[in-house]
Amino acid sequence: MSSVLRLSVRLLQLQRSVVSPDAEMPDELLYGRAGYLYALLYVNKEIGANTVDDGIITKVVTAMLESGKNMSAEQKKSDRCPLLYEWHKKQYIGAAHGLAGIYYMLMQPGSKVHPDQLSELVRPSIDYVRHKRFRSGNFPSSLSNESDRLVHWCHGAPGVIHVLLMAHRVFKEEKYLKEAVESAEVIWQRGLLRKGYGICHGTAGNAYSFLSLYNVTQEKKYLYRACKFAEWCLDYGTHGCRIPDRPYSLFEGMAGTIYYLSEMERPEASCFPAFEL
């Protein structure tokens, strides 16, 4: 058995603990069910359709939907936000730990969420998050936070933009694209970060917003902005940015930055690693 197939088997062996309602499993992307769902969809994309049985994907999706409905009911928000999630006792909005990453994965075509569930559960939940947007175009880090401070993929507009673009693709409503375009402005104005160059909370991760917008709109200004952020990253280490805890890692460190820079060779095929498919 090849190493790829062995890893796929090990991945599938995790499903019981992932879908169990008794497991203390979060739903967010980096450590939870949404990330596991991504891994299953990635295997199907790279190895071949039906490598992971649809039934397994359905079980994971069902666990995510039930978890979101239960949390929403507990918070008495079922009518406003049918799918609500928390991580470490906070209802985060961003892509890494929050609602954006979860909704994004549920809208992936490979997740095969029923159209009625998308319309009745996912869409109103996205609209609830949309109404939390600041005038600047940015989003708070959590539903309880009123500070317009963080402009990261993990917390802020750079992560939520991907959800808006996917919602535009799925629901065919121009309001989602319009708001993605508006939110891109705050990334252009405030997205060069002293926090680092990585893809989670760094300049490279913010730049992926421009590549995604370019691929949807074909407007050259977004490609230009992606290039300018790449130029900043090419001067790695000269801006007084802090050194990440894991300086060579994919999400925090140099590996993610290099991955982003490599995308500039074929921007039309760009794909945020471990997030976009």
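Tutor: A residue is called buried when its relative accessible area is under 20%, exposed when it is over 50%, and partly exposed in between. Keep in mind that this is a predicted model. Take Phe272: its relative accessible area is 0%, so it is buried.

Student: Is Phe275 buried or exposed?

Tutor: Buried, because its relative accessibility is 0%.

Student: How do I read the geometry of two rings, and what kind of pair do Phe272 and Phe275 make?

Tutor: Look at the distance between centres and the angle between planes; an angle over 60 degrees counts as edge-to-face. The ring centres of Phe272 and Phe275 are 5.6 Å apart with the planes at 80°, so this pair is edge-to-face.

Student: Which cluster do ring pairs build here?

Tutor: Phe272 and Phe275 are joined through ring pairs with Tyr104, Trp153, Tyr208, Phe251 and Tyr260. Across the whole structure, the search turns up 16 aromatic pairs. One of them is Trp188 with Tyr224, a tilted pair at 6.3 Å centre to centre and 55° between the planes.

Student: Which parts of the chain does the pair of Trp188 and Tyr224 tie together?

Tutor: Trp188 sits in helix H8 and Tyr224 in helix H10 (residues 220-234), so the pair links parts that are 36 residues apart in sequence.

Student: Now for annotations. Where does UniProt place the "binding site" feature?

Tutor: Treat a record like that with some care, since annotations may be inferred rather than shown by experiment. The unreviewed UniProt entry puts "binding site" at Cys154, Cys200 and His201. These residues span 48 positions in sequence, yet no two of their C-alpha atoms are more than 6.1 Å apart, so they gather at one spot.

Student: Where in the fold is Cys154, and what does it touch?

Tutor: Cys154 is in the loop between helix H6 (115-130) and helix H7 (157-171). It is buried, with a relative accessible area of 5%. Setting aside residues up to four places away in sequence, Cys154 touches Gly94, Ala95, Ala96, Cys200 and His201.

Student: And which residues is Cys200 in contact with?

Tutor: Beyond its neighbours within four places in sequence, Cys200 contacts His152, Trp153, Cys154 and Phe251. Its place is the loop between helix H8 (174-190) and helix H9 (203-217), and it is buried at 6% relative accessible area.

Student: Which helices supply the lining of the largest cavity?

Tutor: Helix H5 (99-106), H6 and H7 each give at least two residues to it. By class, the lining has 10 nonpolar, no polar and one charged residues. Among the lining residues are Tyr103, Ile126, Arg130 and Val163.

Student: Let's finish on Tyr103. Which residues does it contact?

Tutor: Tyr103 is found in helix H5 and counts as buried, at 1% relative accessibility. Neighbours within four places in sequence aside, its contacts include Cys81, Leu83, Tyr85, Ile126 and Val163.

How values were computed:
Residues are numbered from 1 along each chain as its sequence is written. This is a predicted model: local features need pLDDT of at least 70, side-chain atom pairs count only at pLDDT 80 or more; totals for chains, interfaces and linings use all residues. Side-chain values use heavy atoms; hydrogens and water are left out. Helices (H or I, at least four residues) and strands (E, at least two) are DSSP runs, numbered from the N terminus. Buried means under 20% relative accessible area, exposed over 50%, partly exposed in between (1.4 Å probe, protein chains only). Contact means heavy atoms within 4.5 Å. Rings of Phe, Tyr and Trp (its six-membered ring) pair if their centres lie within 6.5 Å; planes under 30 degrees apart count as stacked, over 60 as edge-to-face and the rest as tilted. On a 1 Å grid over the protein atoms alone, a cavity is a set of points where a 1.4 Å probe fits but cannot get out, and a pocket is an open set with protein on both sides within 12 Å along at least five of seven lines; lining residues have an atom within 4 Å of a point. Ala, Val, Leu, Ile, Met, Phe, Trp, Tyr, Cys and Pro count as nonpolar, Asp, Glu, Lys and Arg as charged, and the others, Gly among them, as polar.
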